[in-house]
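Let's take a friendly walk through a protein chain, one piece at a time. Keep the picture at hand as you read.

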Amino acid sequence: MIERKETACRDCGVIVSLPLHPASSQYRCPRCNALLYRRGQPFGYIIVMALTSLVLFVPLTFLPILDLNIMGLHASSSLFEALWMVYRDGYGFIAFVSMMTGLLIPVLMILLLLMILVPLKMGYRPTRVALWFRLYEKMREWGMAEVYLVAIVVAIIKLLGMGTLHIGPGFFVFIFFFLTYYITTVWFNPEDIWFDDALDH
């Protein structure tokens, strides 16, 4: 007999009975067709992508994003230098919120993912996995790395007509960092860590 659990659709609220150990890659609500469950990618793939994000974060902190030359005046700035300038101009709160939501929280989410998935991949369940999972879920609401990407693109468009603008290597590193971070979070389905077969995932 297949063990089942009841869950509520987040869109329409209908109660649906799903297998406790999903045999299909995804299940949809029978009334509104909303996605109820989708199996994530294997933990090994997610770990590799998360480690790539962390490696890219290191050069992201010091490589220049933009290089601007206006009538002989030259200016170059990395992501952290830009935040420091915002703080120095008297917008400390904005600089703090930008740094937390755009950089630090995404990195902390990746670290929490690794703390959860690496032990599972190695064959044992960490004792504090519930605590780390709750922290990860709370941070998901505040991780906004994409806001930085949009802000940089807008800045490039606005500065194009003001002088000679060169896109620095930090910009490309940031794009790869954002892509690997985004893929990591999309591939990871938090529900998968509670299944008994997670140790073999």
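Predicted model: local features only at pLDDT ≥ 70, side-chain atom pairs only at ≥ 80, totals over all residues.

## The whole chain

The protein chain has six helices and seven strands. Reading from the N terminus, the elements follow the order β-β-β-β-α-β-β-α-α-α-α-β-α.

Of its 201 residues, 38% count as buried. The accessible surface of the protein chain comes to about 12100 Å², and 66% of that belongs to carbon and sulfur atoms. If you take the contacts between residues at least 6 apart in sequence, 61% of them join residues at least 24 apart.

## A hairpin

Look for strand S3 (residues 26-28) and strand S4 (residues 35-38), which run antiparallel and are joined by three bridges. Arg-28 stands opposite Leu-35 in S4. Six residues lie between the two strands of this hairpin, and Asn-33 in the turn has a positive phi of about 70°.

## The three-stranded sheet

In what order do the strands of the open sheet lie? The order is S6-S5-S7, and the pairing is antiparallel. Strand S6 (73-78) and strand S7 (164-167) are at the edges with a single partner strand each, so one side of each has no neighbour in the sheet. From one strand to the next, the twist averages 10°.

Strand S5 (residues 64-70) is joined to S7 by four bridges. Within this pair, Asn-69 faces Thr-164 of S7. Helix H2 (residues 79-88) packs on the sheet, where it touches S5 and S6, and its direction makes about 105° with that of S6. Helix H6 (residues 169-187) lies across S5 and S7, running at about 150° to S5.

## Inside helix H1

Back to helix H1: which of its residues are buried? They are Phe-43, Gly-44, Ile-46, Ile-47, Met-49, Ala-50, Ser-53, Leu-56, Phe-57 and Leu-60. Their cover includes H2, helix H3 (92-122) and H6. Here is a handy rule for reading such a list: an α-helix has 3.6 residues a turn, so residues three or four places apart point the same way.

Is Ser-53 buried or exposed? Its relative accessible area is 0%, so Ser-53 counts as buried. Leaving aside residues up to four places away in sequence, Ser-53 touches Ile-110, Phe-177, Thr-180, Tyr-181 and Thr-184.

Now turn to Ile-156, which has its place in helix H5 (residues 145-159). Ile-156 has a relative accessible area of 11% and is buried, because buried means under 20%.

Which residues does Ile-156 touch, not counting those up to four places away in sequence? They are Leu-66, Leu-165, Ile-167 and Phe-171. Take Ile-167 as an example: Ile-156 and Ile-167 are eleven residues apart in sequence, and their C-alpha atoms are 8.3 Å apart in space.

Methods
Residues numbered from 1 in each chain as written. Heavy atoms only, no water. Pairing = 2+ DSSP bridges. Axes fitted to C-alpha atoms, helices over the stretch in contact; angles between N-to-C directions. Contact = heavy atoms within 4.5 Å. Buried < 20%, exposed > 50% of the residue type's maximum accessible area, 1.4 Å probe, protein only. Areas by Shrake-Rupley, 256 points an atom, 1.4 Å probe, with all protein chains shown as cover.
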